[in-house]
Amino acid sequence: MAGPAPGRERWAGGAAGRTLDRWMPRVLLLLSLVSVVTTVGIVLTLAGETAVFFRAVSPVEFLTGRQWTPLFADKHFGILPLLAGTMMITAIALLIAIPLGLGSAIYLSEYASDRARRILKPVLELLAGIPTIVYGYFALTFITQVVLKRLFPDISVFNALSAGIAVGIMVTPLISSLSEDAMAAVPRRLRDGAYALGATRWEVASQVVLPAALSGVISSVVLAFSRAIGETMIVAVAAGSTPRLTWNPLESVQTMTGYIVQAALGDVGHGGLEYTSLFAVGMTLFLFTLGMNLLALYIRGRFREAYQ
């Protein structure tokens with residue numbers, strides 16, 4: 001008569017194993033609920049203080065005003081200068097990051113040898129591990145002083161262009177890594193079929209692989225946008241703290257995160273209008289990032305290609 005299968009006795013946990021099996025789903029559920037409870041707590045905190053702010057400031061003035069001076073004696077609470085600075089730096093960052101990230105992803109996926117991929121991909125992803133304060137001082141001391149000053153002699157020491165370039169370099173690994181993973185998931189038979197029809201390597205990459213991985217690529221860009229719009233230390237160091245409604249990247253600007261840093265480190269009394277303005281700006285930033293993340297989820301589901 002055949003005995004028990006090899007290793008079966010080792011996995012027979014008895015009463016202890018059944019107890020663990022009964023309690024482990026509850027423990028894992030509790031751990032998964034931590035992120036949900038944290039998110040709810042953040043939203044409630046922002047919403048509560050933002051409601052206090054809008055009791056004193058009209059939402060119309062907040063959304064359409066062209067001056068932002070909550071820390072001055074003559075207070076104005078128009079968020080358009082902060083929005084303009086945030087969007088300009090984010091746009092510059094994406095203009096840098098999309099070509100670099102997408103080009104790197106195509107090279108790593110379609111052109112690089114295994115040895116080159118094993119070396120280049122970790123080196124590229126190393127950029128994501130550099131502290132953002134380092135990027136900020138890199139933008140302030142090198143990008144502005146060494147590079148941009150030669151091209152634009154009248155550029156301000158604190159400016160949106162250098163901050164946008166630094167943020168673009170920082171989010172490049174995000175686009176590159178996620179896009180390369182999406183391209184690597186495209187079945188090999190699609191590439192082989194294109195090569196069999198006489199397509200070149202670039203034609204395969206641009207007309208077969210890239211469209212098949214489009215959902216992942218677009219999602220990476222949207223997530224990079226969310227990461228760039230919420231960046232704090234780079235813009236606080238390199239962009240300055242001048243809430244100016246301008247589209248000139250050579251001038252000093254202030255972003256939403258930059259204002260939060262400035263006010264949080266200053267002498268802002270608890271409970272005052274200046275204090276609640278922090279939460280109003282934070283809620284605006286939260287809604288922006290939430291919208292972009294939902295857009296990324298929609299794009300991933302809408303354009304996702306399923307292969308067997």
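Q: Hi! At what angle do helix α6 and helix α7 pack, and how far apart are their axes?
A: Helix α6 (residues 132-151) and helix α7 (residues 160-184) pack at about 130°, with axes 9 Å apart. This is a predicted model, where local features need pLDDT of at least 70 and side-chain atom pairs count only at pLDDT 80 or more, while totals for chains, interfaces and linings use all residues. Residues are numbered from 1 along each chain as its sequence is written, and side-chain values use heavy atoms, with hydrogens and water left out.

Q: Thanks. What counts as a helix here, and what is an axis?
A: Helices are DSSP runs of H or I with at least four residues, and strands are E runs of at least two, numbered from the N terminus. Axes are lines fitted to C-alpha atoms, for helices over the stretch in contact, with angles from 0 to 180 degrees between N-to-C directions.

Q: So what do you call the arrangement of α6 and α7?
A: α6 and α7 are oblique to each other. For the cut-offs, under 35 degrees is roughly parallel, over 145 roughly antiparallel, 65 to 115 roughly perpendicular, and the rest oblique.

Q: Is the crossing left-handed or right-handed?
A: α6 passes α7 in a right-handed crossing.

Q: Switching topic: how many salt bridges are in the whole structure?
A: A search finds eight. A salt bridge needs a side-chain nitrogen of Lys or Arg within 4 Å of a carboxyl oxygen of Asp or Glu.

Q: Which residue does R191 pair with?
A: R191 forms a salt bridge with E110, with the closest N and O atoms 2.8 Å apart. R191 lies in helix α8 (residues 188-196) and E110 in helix α4 (residues 80-111), so the pair ties together parts 81 residues apart in sequence.

Q: Are those two buried or exposed?
A: R191 is buried at 5% relative accessible area, and E110 is buried at 9%. Buried means under 20%, exposed over 50% and partly exposed in between, using a 1.4 Å probe and protein chains only.

Q: And what about D181 and K121?
A: Their side chains meet in a salt bridge, 3.1 Å from N to O. D181 lies in helix α7 and K121 in helix α5 (residues 114-126), so this pair ties together parts 60 residues apart in sequence. D181 is partly exposed at 39%, whereas K121 is buried at 18%.

Q: Where do D192 and R188 lie?
A: Both are in helix α8, four residues apart, about one turn of the helix.

Q: Last one: at what angle do α8 and helix α9 cross?
A: Roughly 130°, with the axes of α8 and α9 (residues 201-212) coming within 10 Å. The contact is made by L190, R191, A194 and Y195 of α8 and R201, V204, V208 and V209 of α9.

Note on methods:
A crossing is left-handed if the near helix is turned anticlockwise from the far one by less than a right angle, and right-handed if clockwise. Contact means heavy atoms within 4.5 Å.
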